[in-house]
Amino acid sequence: MSKLVEFWEFVRRHKYLITVVIFLLIIGVLDENSLIRRVQYWHEINTLRSEIQMYREQYEKDSRTLKELTTHPDELEKVAREKYLMKKPNEDIYIFEEDVDDNIRRERVNEQTDDE
């Protein structure tokens, strides 16, 4: 019985401290709007903002490329020749191994950046 009395005496003496500790525990960890979740949400928001910026830049780049391709037939021919290895009739194309490997590496890097 004396331990119970000692416990209640401790609670009575430190009731404000106990209340503040319980409040901080609920706010910091247990609540669905806890500080831990707020930090996680903040991190996720920053990640999504950087993704949005990356996609905007990619969109602007692709829009400029599309505009160039639709307005300049020479640019369209250049892309067709370089990227898709197209040729005119009665024309020979020589492909060097290094160039093909570099193009494949560039395409893989572009695919990896697109996936991220």
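## Model and confidence

Residues are numbered from 1 along each chain as its sequence is written, and side-chain values use heavy atoms, with hydrogens and water left out. Local features need pLDDT of at least 70 and side-chain atom pairs count only at pLDDT 80 or more, while totals for chains, interfaces and linings use all residues.

The mean pLDDT (the predictor's confidence in each residue, from 0 to 100) is 82 for the protein, and 81% of its residues reach 70 or more. Helices here are DSSP runs of H or I, at least four residues, numbered from the N terminus. Confidence is highest in helix H3 (residues 35-71), at a mean of 93, and lowest in helix H5 (residues 97-115), at 62. Where pLDDT is low, the predicted coordinates should not be read in detail.

Helix H4 (residues 73-84) has twelve residues. From first C-alpha to last, H4 reaches 16 Å, close to the 16 Å expected at 1.5 Å a residue (1.5 Å times one less than the number of residues). Leu-85, which follows H4, has a positive phi near 55°.

The axes of H3 and H4 (lines fitted to C-alpha atoms over the stretch in contact, with angles from 0 to 180 degrees between N-to-C directions) are 5 Å apart, at an angle of about 110°. H3 is therefore roughly perpendicular to H4 (65 to 115 degrees). In contact (heavy atoms within 4.5 Å) are Glu-68, Leu-69 and Thr-71 of H3 with Pro-73, Glu-75, Leu-76 and Val-79 of H4.

## Salt bridge

The structure holds one salt bridge (a side-chain nitrogen of Lys or Arg within 4 Å of a carboxyl oxygen of Asp or Glu). Glu-9 forms it with Arg-12, the closest N and O atoms being 2.9 Å apart. Both residues lie in helix H1 (residues 2-13), three residues apart, about one turn of the helix.

Notes. Helix = DSSP H or I, 4+ residues; strand = E, 2+ residues; numbered from the N terminus. Parallel < 35°, antiparallel > 145°, perpendicular 65-115°, else oblique.
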